[in-house]
Amino acid sequence: MLGTIIRKEIQNSVFSFRFAAVFVLLLIVVPVTVFVLTNDYVKKVDEFSFRRGAIEDYLKNYAHFNRLRNVIKPSQPPLSMYTLVRGISSDINVEEFDNDPLPVMFPLLDLVFIVAILLSLAAIIFSYDSVCGEKEDGTLKLMLANGLPRSQIVLGKIFGGTAVLIVPFFVSLLLGLVVILLNPRVSWTGANWGALGLVLLGAVIYVIFFQVLGVFISSRHQASASSIMTSLCVWVLLVLVVPNLSPYLASLLSPAPSRIKTSREMSRLTDTDRDNLGRRLQAERSRDIVKKYPFLAERLTEAETKARLAKDPAFREAYEALRKETRAAWDEANRIQGDKARLIENDRLQKEKAQTRLSTMLSLISPLAVFTYWTTDLTSTGLRNVEYFLDLGDAWDRAYTAYFRARIASLQKQDPVVDWWNTAVDVSDMPRFIYKEETLGARAKSGLGPLAVLMVMCVGLFVAAYFSFVRYDAR
Amino acid sequence: MTNQKPILKADDLSKRYEDGLLALDHLNLEVRPGEVYCLLGANGAGKTTTINLFLNFIPPTNGTCFINGIDVTKDPLEAKKFVGFVSENVMLYGNFTARQNLDFFAKLGGKTNLTREAYYQVMRRVSLQENAFEQRVKTFSKGMRQKLGISIAIIKDAPAILLDEPTSGLDPKAAEEFLEILGELKSEGKAVFMSTHDIFRAKEIGDRVGIMKEGRLVLERTREELQFEDLVKIYIDYMKSEPLTA
Amino acid sequence: MTGTIARKEIAANLLSYKFFIVILLTVLLLFTSFFVLYKDFKARLADYQLIKPKPGEPVAVLPPNPLSIFAKGLDETMTRSFEVSRIGLSVRAGQKSGNALFAFFPAPDFAYIVKVVLSLVALLFGFDQISRERENGVLRLMLSNPVSRAQVLAGKWLGNFLSLAAPFTLVTLLGFALINLDPDVRFGASGIGRFLMLIVIALLYIALFLGLGILVSALTRRSASTLIVLLLVWAVIVFVMPNLGTLIARQMVDVPSVKALSEKRQQIWTREILLLQVESRAAGRRATGTRTEGDLAQKHFDAINTDQDRLEEDYRKKFDRLVRLSKAINRLSPAASFIYAATELAGTGIGEENRLKYDVVRYKDAVIGDLKREVTQHAAFTYRYRSAGQVLAEGGLFDVAELLILTIFLAALSYLAFIRYDVR
């Protein structure tokens, strides 16, 4: 029975105008986008190796440790899945004067975008009149009069609708994949295919969500004309508004001090305040020392002090004690102020984390956000990769620091006179930053949470749709 | 009455659609003031096409329609001042009340200064319930909508009225009430043209009756002539006979 | 006649579920957008107070633009703090937000709401104007009266446009007035003028989509098919075309990435300082890097600036070509035209950012000139946003004209379509 219903749904849709329209659209947009993205990726690869070459040329002649870190920075190489997904990987470079304004005004079109907007819209288009349309046509009465159980009708509509939508998408995606495979410059690893498979799984769940949503809304209306209005409003809110609003709402509900504010406070603490504190502590301690060694209170010129140091061991001892106490005072000042600064920094980090978490949670209401996180995490184009990249950068930084310390030490041993910090050295044995993509498992794990949320929402919506349809007035 | 000039006149009217179908084949008919003309025929015989041509919804392939002597294709806006239209199964504006619908169409028809009472009077005349005057039309039954439809035509106060299958789907009481109104309009001197496949009512109300088959007016009888002939028999005979065109 | 029909349209809209839910959505979204972006502006303003340069400091920084509440555009990058030193420009660190999710989705500003939601709303108003009335027989009834098809069309157009425009304009003006109450948000006469122009352009954009909806309604017989076509066309116009256009333009113009540019800059200045130190040591002098004085140092500082300026110029030329090409392709979509017009009018667009960068580079040259003459107190950086007239002259007018011409064209096409529309 269910099979018959599903087949009916599919046949009904396949010969409909809307199916043709959606199919044609996807068939054009998906391969064209993939084609352009692939060419762009190849260009990026070429440019990346060109940049590497320029850096290597520089290192041959001008590498000096004092400023080497300005030139050698961890840099994200283009990944082969950029042919499909871009996420937030486009480098806006906002920390430098040369920032790229175009991705801010016109975000890159990629697979996530197409699926998220076009497929969800298509799912709504297919399902908004699944119940009320049949009621208007009179076929719903007919089905029920023939003893079809309502549960099967609902299931049939959902599966039938999803199947109808998934096929054009997969076909157009296949065309896109052909474009990618035909390009000799692009090579996909097994992990890439695995990631793609998981992405597509997410896409199917995403489409199912909107299919169920459409059926549910359809079962709350008697007329298709009002059903489409409600469906579109809900779609607009879920897909186009909630994700964009959530970071802003999160910043209102869970504010974090701005980085400018904290950096200003921290530099005040570790600069002027520390100087004041240091001077005060130094004065205190000096007083104690002078009390112990009263002859230190004498005011001597530099020459006299030097002379006395050479002759008088007691004076030397006192002087040493004074120096020690002075250093201790400044160390303490540094420590106290450093702790305060660290508190501020940690506070800011905590609050930022809390805000990001709230922002993520708020956005999870939107399946588009869920799908975006899932896909960008899997393809290393999202937040997870940003953190992972920073971690890799830190690890490399530590390795580099160990290297240059050892190198400077050995160079200084060879020739203690030369200013090795500001001399060109041979760094061919320096550890280079190498980016390796995270394992697929790790990437998938972080997205499982949101995906589970989406699946739960699907199930919840399905239950709602079922009960709503059971009580639907089919007359 | 019957010697006056015809208000509605179809002169050698033909219509062939793009797909080749000949919907009307040299139709000639006239409706005079104070006369009710019933056009009978099966579905697809050409009745609605005739009305559509009169209202200039489609252009004729051949021939002319005249309303009050005006060629509807040459001066449609002028011609439409003289005809009221009752469409089959019009939903009207569901969220508007009966009076609001009436008000809008009255204004479109050129009657811009009518009072609320005037609207109420017309609606009373068609036996629409008082409590429905300010009710939303989407709650109306089919019969109530038809009544409102004819009140829209009446308030225009045009000399001719075109009705397209006005009694289809109405229960017998409503249909009777409807025909009473038509009778009143006829006695006021209006020219009433009605397409229908309700033979019995046509016999009752029609001063002249025409039968259409496959686009041709195959038979026309006056009331007097029908006293001696059985319209029902004629009609069914025509329906059963061979198609006119191969 | 047109007036009667228009009034009927407005009355019918006021009573319909569709109008209610759609206007509710619009009003809610607009007010939320105003509130949220207003708060964001205040936060950025507070940050600006912290990094405002003291008199004499060679720092170029703009306060956040109040019109960015309505069209955020590139305001965040335009209000970064640029510090000038002997070796060139640097951006003060720490101006990125700690919440990385901002990067994922575009800001829900007024321009976004109009571009995305109001276009859809206008389509939803227009798409069944003709087909629905044909389906329920009212169109025939109307046309059996002495009213021309042109009058019917005009009445529908007018009535529906007013139904949309009135609540939209009211809410927007109200939001603007409320925000204006805050003394920290200073729009000025010029700002108010631009904002009013922004509303007019938004109304034009809405009219365009209403016209598109009505056109398609006059071309199809069934409301349901009209809707499918329109939704897909809308998705393509609003989402696919503008973003694909930029991507395609990048394929056709060779522009180095901004990362490559910054890397080159770093390589230039570190190389020159190293050479300076090497040469100083050879001449027996001390070289303290970027703080070195003297002619030798000046030679290298000059080399840094010349090379970097050449780099910048070369990049700008290519980048301008890219922007022009991507504009040309994007402008096929009225949504892109609208965004260009809105952001440039607000002063947060690509053209304005370009101009700002040019002025910042000139300021850098002035400061470096000061440093050469050992002047340590520098003039403050001032920047004048382009006037509305300049914005229009530098391309804004083209975008407005495109919207206007498209709207008129669509209206004309709908007239032609409706004349031949089969009302049976």
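Both faces of strand E3 of chain B are covered: Val36(B), Cys38(B) and Leu40(B) on one side, and Tyr37(B), Leu39(B) and Gly41(B) on the other, are all buried. The model is a predicted one.

**Strand E3 of chain B and its partners**

- Strand E3(B) spans residues 36–41 and is mostly covered, with six of its six residues buried.
- Strand E8 of chain B (residues 191–196) pairs with E3(B) in the parallel sense, over five bridges.
- Within that pairing, Ser195(B) of E8(B) is the residue that stands opposite Leu39(B).
- E3(B) is also joined by five bridges to strand E9 of chain B (residues 208–213), and these two strands run parallel.
- Leu39(B) has Gly210(B) as its bridge partner in E9(B).
- In general, the strands of a sheet pair through backbone hydrogen bonds, in either a parallel or an antiparallel arrangement.

- Strand E1 (residues 8–16) and strand E4 (residues 62–67) of chain B pair in the antiparallel sense over five bridges.
- Asp11(B) lies opposite Thr64(B), a residue of E4(B).
- Ile67(B) stands opposite Ile70(B) of E5(B).
- E4(B) and E5(B) form a hairpin with two residues between them, and Asn68(B) in the turn has a positive phi of about 55°.

**Chain C: overall form and sheet**

- Chain C contains 14 helices and three strands.
- Its C-alpha atoms fill a box of roughly 105 × 45 × 35 Å along the principal axes.
- Of the 424 residues of chain C, 52% count as buried.
- When contacts in chain C between residues at least 6 apart in sequence are considered, 84% of them join residues at least 24 apart.
- The three strands form an open, antiparallel sheet in the order E1-E2-E3 (chain C).
- Strand E1 (59–60) and strand E3 (88–91) of chain C stand at the edges with a single partner strand each, so one side of each has no neighbour in the sheet.
- Strand E2 of chain C (residues 82–85) pairs with E3(C) in the antiparallel sense over four bridges.
- Val84(C) is placed opposite Leu89(C) of E3(C).

- Chain A is divided into domain 1 (2–253 + 363–470) and domain 2 (259–359).
- The C-alpha centres of domain 1 and domain 2 of chain A are 51 Å apart.
- Helix H1 of chain A (residues 2–14) has 13 residues and reaches 18 Å from its first C-alpha to its last, close to the 18 Å expected at 1.5 Å a residue.
- Ile5(A), Ile6(A) and Glu9(A) are the buried residues of H1(A).
- These residues cover an arc of only 100° around the axis and therefore lie on the same side of H1(A).
- The buried residues of H1(A) pack against helix H8 of chain A (150–182).
- Gly3(A), Thr4(A) and Gln11(A), on the other side of H1(A), are exposed.

**Contacts between chains**

- Of the two pairs of chains in contact, chains A and C share the most contacts.
- In that pair, 78 residues of chain A are in contact with 75 residues of chain C.
- Several helices give two or more residues to the side of chain A that touches chain C, among them H2 (17–62), H10 (224–253) and H13 (313–363) of chain A.
- H10(A) gives the most to this side of chain A, with 19 residues.
- The residues on the side of chain A that touches chain C divide into 43 nonpolar, 21 polar and 14 charged.
- Chain C also has 20 residues in contact with 22 residues of chain B.
- Helix H1 (2–14) and helix H6 (138–143) of chain C each supply at least two residues of the side of chain C that touches chain B.
- H6(C) gives the most to that side, with five residues.
- The side of chain C that touches chain B divides into 10 nonpolar, seven polar and three charged residues.
- No contact joins chain A and chain B, and their closest C-alpha atoms are 13 Å apart.

Conventions
Residues numbered from 1 in each chain as written. Chains lettered and ligands numbered in written order. Predicted model: local features only at pLDDT ≥ 70, side-chain atom pairs only at ≥ 80, totals over all residues. Contact = placed C-beta atoms within 7 Å. Nonpolar A, V, L, I, M, F, W, Y, C, P; charged D, E, K, R; others polar. Expected span 1.5 Å × (residues − 1). Buried ≥ 20, exposed ≤ 12 C-beta atoms within 10 Å, placed from the backbone. Arc of directions from axis to C-beta. Domains from an automatic or database assignment. Pairing = 2+ DSSP bridges.
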